[in-house]
Amino acid sequence: MSKIRSISLRLSLSTLLFVALLIVAMLVAVWISTSRLVTTEAIKSTDLQLHSMIKDIEAPLHEVEVTTRDAAQLLWAMRDNKSVVEGILRHVAEETDGVCGCRIAEAQGDSNAWSSPHTDSCNRRVVTYSHAMGEGLALEVDVETEWIEHIVEQMRPYEGSFCSILCRDGSLIGVQDSSLAALIQTRMAEDPDSRRIYSEMLRGGDSMINFTSGGKAAYVVYAPLCTGWSASIMCPYREVMRQSAKLQGILLLTGIIGLAVLFMLCYFVVGRLTKPITRLSEAARQMSHGDFNVPLPEVKSNDEMLQLRDSFAYMQQSLNKYIEELRSTTAANNRMEGELSVARDIQQGMLPSTFPACLHALLVPAKEVGGDLYDFIAKDDKTLYFAIGDVSGKGAPAALLMSITRAALHFVSGLGLSIEEVMTRVNNSIVDTNSGEMFVTLFIGRLDMATGELNYCNAGHNPIIVVGNDGEARYLKAKANIACGVVSDYDYEGERLMLEKGSRLILYTDGVSEAERADKCQFGSERLLQWASCLPGDADCPTLTQSLYNEVTGFTGHIAQNDDITIMTIKY
């Protein structure tokens, strides 16, 4: 046997080409991780620059605060010497860096606090530091904001970055354009992300928040100043990533070219390898349309493809053989179905179909033929013999035993024997003819239509329901007797009950009480008793029988019947 050149080997060699895809995946991973790293470093760098800017602003302002506090103490001590007071004020205004004005005024608002930007009498934009001295007076020192705004304007970590200082009243330092300041304040009022940032800054927060500005992703880093203001720097992510965009573009272009080359190579290689499979697929398609003798393609390679072709040939032969057997089986099944249909008609014909006014019965088998039975004999309109039974199992075996049981019942009931003797003889007949170890549950009753005396015997059957003339329903208790067909010469015990005029008897098999819904919930004895308790008093027996059957089928819905259903109703 020649050495097989394994197709798996050739596919393995072809798979080497796909290693390039792993490289592309690695490049993508590097791209993603680089982007995250660049973003993280950009945020850290921006935060460091923000805190450096805050230190550059706080140092001169802190010097002004110290000078103002010292001057306020000295002014308060020399408040009675007007020339000294004027000299101190002039010295503070002239010798302190950044201070453009100094005065004593009535204390307003918070003491020892910085005001928001405003315009002084010389039309200069200033902020005022106020320090309380006593008796409602405070020393106020004006500081021009030009140098602060210059520092803020120079803070541009990236193209498109925006830096500003938010004062406690919502005004901005570093935004000289009034229309731009108004636009920023409007956006803060309308945009949820901007409102969130605005609130955090007013509370003196020190953090970073991602948000969307004009439909573009951005982040803002903010921190508080000692003056009660809050400085922030906003940077668009697009600008942050601009520096690495070129490298990412090169990586992306390389990946696209590599994918295109790999696609063409794989298409060519796999196309050649799968060509025989394509031909076999066409043959399989023709076989699916019934042409099981379609010629299969030749395979010259001595590998798994040849094995696949041989498997198709074997399948082709097996299908032809199976179809021939299926035809024979279908013909046999059709004959069997016809015979079962005849058997069903015969079985239904064996059951009495003409009922007296006081009795009605219904039998619906679960299969073509079933093992349930009912029977009755009315003698001289004075005595009514009736019986209902259920053979273990279903189908033809149960139907045969049902026929034997009914024949025995019909014969023995005409001998004038007691209920106990009738049940004993029927049991012996079933035992003698039962070689399949089956059994029959049976309920036999004899009702005196004149006196209402009911003699009955229950051989392992479901308890029947007695509905009194007052409408109260109850299960009829019976002595424990074994089912028929188990033990020969068993002594069955019968019982006696006096029925009141208008009483009704409901007899049934377990196909009623054990009927199941889709959720496996059974109809149950409680639901059956509840139905019997609600029966109208004037309903005749056919109506009662059909009512119970409709109740059971309505409970199960469209679920297939799982057992034979037999119902008998008697009205005294």
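## Helix 12

Helix 12 covers residues 419-433, and at 1.5 Å a residue its 15 residues should span 21 Å; its end C-alpha atoms lie 22 Å apart, which agrees. The expected span is 1.5 Å times one less than the number of residues. Helices here are DSSP runs of H or I with at least four residues, strands are runs of E with at least two, and both are numbered from the N terminus.

Which residues of helix 12 are buried? They are I419, V422, M423, T424, V426, N427, N428 and I430. Buried means under 20% relative accessible area, exposed means over 50%, and partly exposed lies in between (1.4 Å probe, protein chains only).

## About the model

You are looking at a predicted model, in which local features need pLDDT of at least 70 and side-chain atom pairs count only at pLDDT 80 or more, while totals for chains, interfaces and linings use all residues. Residues are numbered from 1 along each chain as its sequence is written, and side-chain values use heavy atoms, with hydrogens and water left out.

## Salt bridges

Side chains of opposite charge can pair when their charged atoms come close. A salt bridge is counted when a side-chain nitrogen of Lys or Arg is within 4 Å of a carboxyl oxygen of Asp or Glu. By this rule there are nine salt bridges.

One of them joins D120 and R124, at 2.9 Å from N to O. D120 is buried, with a relative accessible area of 14%, whereas R124 is partly exposed at 26%. Another pairs E239 with R238, the closest N and O atoms being 3.8 Å apart; E239 is buried too, with a relative accessible area of 11%.

R406 and D375 also meet through their side chains, at 3.7 Å from N to O. This pair links distant parts of the chain: R406 sits in helix 11 (residues 395-413) and D375 in strand 12 (residues 372-379), 31 residues apart. Both R406 and D375 are buried. Elsewhere, salt bridges that share partners join R103, E140 and D142 into one network.

## Cysteines

How many disulfides does a search of the whole structure find? It finds zero. A disulfide is a covalent bond between the sulfur atoms of two cysteines, and the cut-off here is a pair of cysteine sulfur atoms within 2.5 Å.

C235 counts as buried, at 0% relative accessibility. C457 is in no disulfide either, as the nearest cysteine sulfur, that of C484, is 7.8 Å away. C457 is likewise buried, at 0% relative accessibility.
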